[in-house]
Amino acid sequence: MESEYISMEGADGVTTIKIRVMRMDTAVNSGNSGGGLFNNKGEVIGIVNAKLVSSDNVSYAIPSNFVKYVA
């Protein structure tokens, strides 16, 4: 996994936000956003939140330490 920044449209449809995410080289099916990303020890390391539309095997997750901070 790599860390990078992506730009996403905000819920208001106007605002653009830039967020640091973990890039995964794995398929994520529609509807799986919000699911946990786990390491090989079964620990939650992120929350799946987006996928690259032009590719079946590139998706992104918000790191769990950021999710804890926001919650």
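Which residues does Val 58 touch, not counting residues up to four places away in sequence? I looked up its contacts (heavy atoms within 4.5 Å) and found Arg 23, Met 24, Asp 25, Thr 26, Lys 51 and Leu 52.

I note that this is a predicted model, in which local features need pLDDT of at least 70 and side-chain atom pairs count only at pLDDT 80 or more, while totals for chains, interfaces and linings use all residues. Residues are numbered from 1 along each chain as its sequence is written, and side-chain values use heavy atoms, with hydrogens and water left out.

Cores. I took a nonpolar core as a set of buried Ala, Val, Leu, Ile, Met, Phe, Trp, Tyr and Cys residues joined through side-chain atoms within 4.5 Å. Buried is under 20% relative accessible area, exposed over 50%, partly exposed in between (1.4 Å probe, protein chains only). Val 58 belongs to the largest core, which has seven residues and also holds Ile 6, Ile 19, Val 21, Ala 50, Tyr 60 and Ile 62. Strands β2 (16-24) and β5 (59-63) each give at least two residues to this core; strands are DSSP runs (E, at least two residues), numbered from the N terminus. A separate core has six residues, including Met 22, Val 28, Leu 37 and Val 48.

Salt bridges. I counted two (side-chain nitrogen of Lys or Arg within 4 Å of a carboxyl oxygen of Asp or Glu) in the structure. Arg 23 pairs with Glu 4 at 3.9 Å, N to O. This pair joins strand β2 to strand β1 (residues 2-9) across 19 residues. Arg 23 also bridges to Asp 25, at 3.7 Å between the closest N and O atoms.

Methods: Helices (H or I, at least four residues) and strands (E, at least two) are DSSP runs, numbered from the N terminus.
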